[in-house]
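This report describes a single protein chain for a reader who works with coordinates. The sequence and the model are shown first.

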Amino acid sequence: MGDVHTPRTADIAGRQAELERRAQLADELSQELDDTNRGLIALHTELEAVRAAEARLAAIVASSDDAMIAVSPALLVQTWNPGAQRLFGHTEQHILGQTIDRLMTGPAFDAYRAVVEQIRSHGHADSYQTRWLRGDGSEVDVAVTVSPMRDAGGDLIGFSTVARDITHQVAAQAELAAARADREVMDERDRIARDLHDMVIQRVFGAGLALQSITTRITQPDTASRIHNVIGELDATIRELRGTIFNLNQPTQKAASLRAQVLDETTAAQDRLGFAPTVEFGGPVDAALPDETAAHLLAVLREALSNVARHAHASAARVAVRAGGELLLDVTDNGRGIDPAVTRSSGLTNLRRRAEKLGGTFEVTSRAEGGTRLRWRIPLTAKGSSLTP
């Protein structure tokens, strides 16, 4: 019987251990590959998110109406978005690498450098308003914001500069300031006019009445004549004061068409009248009508509506303004008409005087159907249009 050779138990165990070690190593390598694959997938996702964020940021910069400019520490232009080209007129090829002072006058560049130095020292600076230059040499009002740009280590690598066109905002602010100034001037003129009317005219008028009462008791003709002359001077003074008051109540310049101003006057009188007057226009009312002539007409209209409110006891009134060979203001009401007991009216006298200074006529009559008609007319000639109120 031949010899039978069998593996030794120790060799078998060693081989099994080696196989198990290799299998474990393969499992570990497979796990590492899975982990690496998941890490690569996560990294890819993060990179895609970053790319998407960069694309959104680039779209914002490209589509913005504001000028967005990256400036180096040496104040050289590094980036130039389409908003900057639209606002300042320079193309990207012509402006990149140029110093930013190309967009500014000397004082504006001094202000920009001061902001940059403030950022270098303190890390931030407030926005400010200034004027920068366009490519054609014109200036544009802008609001400027400058912010620091830093790398991952926190070192300053440049300045992000955003310039916004505020031309319309500045214009609106200027108009508002001018309107406030005009309003303050008009308020002061109104105050002076009220003081003249409530204090000076009343005192002069009272003095005239006192002198009139004295003349009835004076028997010397010379003395009575002198007093009558003084009364006449007082009446003339009152007329001049009323004319001054009317002038003070006029705007310093014509702000709207005559039609619009007539409508404003009638609207303003509604509260006093208790009703809205009807308004009619005929002919080229606004065509080449001098401002001073329009001011006269508006003053007469204001006094006429005031008389209707105070004396007529009317429930309706009509205002007609017609222009042609002459300018006519016709104001009618359905009130009680002219009171025959009233023989003196300084207001109506002033309206007549205005018409006569312009070479025109003025009349107030009672209407057959009831009420009063006021007709104030002047010729539209050089004589009638060159006089001031």
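## Leucine 75

Leucine 75 sits in the loop between strand E1 (67–71) and strand E2 (77–80); helices (H or I, at least four residues) and strands (E, at least two) are DSSP runs, numbered from the N terminus. Leucine 75 is not a glycine, yet its phi is positive, at about 65°. Its relative accessible area is 11%, so leucine 75 is buried; buried means under 20% relative accessible area, exposed over 50%, and partly exposed in between (1.4 Å probe, protein chains only).

## Basis of the values

This is a predicted model, in which local features need pLDDT of at least 70 and side-chain atom pairs count only at pLDDT 80 or more, while totals for chains, interfaces and linings use all residues. Residues are numbered from 1 along each chain as its sequence is written, and side-chain values use heavy atoms, with hydrogens and water left out.

## The chain as a whole

The secondary structure of the chain comes to 11 helices and 10 strands. Of the 389 residues in the chain, 32% are buried. Among contacts (heavy atoms within 4.5 Å) with a separation of 6 or more, 57% join residues 24 or more positions apart.

The chain exposes about 23300 Å², of which carbon and sulfur atoms supply 54%. Accessible areas come from the Shrake-Rupley method with a 1.4 Å probe; for residues, only the protein chains shown count as cover.

Leu40, Leu43 and Leu47 form a nonpolar patch on the surface, and their accessible area together is about 270 Å². Patches are made of residues with over 30% relative accessible area and no salt bridge, where like charges are joined within 9 Å and nonpolar side chains (Val, Leu, Ile, Met, Phe, Trp, Tyr) within 5 Å. A salt bridge is a side-chain nitrogen of Lys or Arg within 4 Å of a carboxyl oxygen of Asp or Glu. Leucine 47 belongs to helix H1 (residues 9–63) and, with a relative accessible area of 39%, is partly exposed.

## Helix H5

Helix H5 (residues 167–215) contains aspartate 195, which is partly exposed at a relative accessible area of 30%. Aspartate 195 and isoleucine 245 are 50 residues apart along the chain, and their C-alpha atoms are separated by 9.6 Å.

Valine 204 is also in helix H5, but counts as buried at 15% relative accessibility. Leaving aside neighbours within four places in sequence, valine 204 is in contact with Leu234 and Ile238. From valine 204 to isoleucine 231 there are 27 residues in sequence and 9.6 Å in space, C-alpha to C-alpha.

The buried residues in helix H7 (residues 258–268) include Leu258, Gln261, Val262, Glu265 and Thr266. Seen down the axis of H7, the buried residues fall within an arc of 135°, so they line one face of the helix; the arc is that of the directions from the helix axis to the C-beta atoms. Their cover includes helix H8 (270–273), strand E6 (278–282), H9 and strand E7 (317–323).

Helix H9 (residues 291–312) has 22 residues and should span 32 Å at 1.5 Å a residue, and its end C-alpha atoms are 30 Å apart, which agrees. The expected span is 1.5 Å times one less than the number of residues. H9 is mostly covered, with 17 of its 22 residues buried.

Although not a glycine, histidine 313 has a positive phi of about 55°. Histidine 313 counts as exposed, at 60% relative accessibility.
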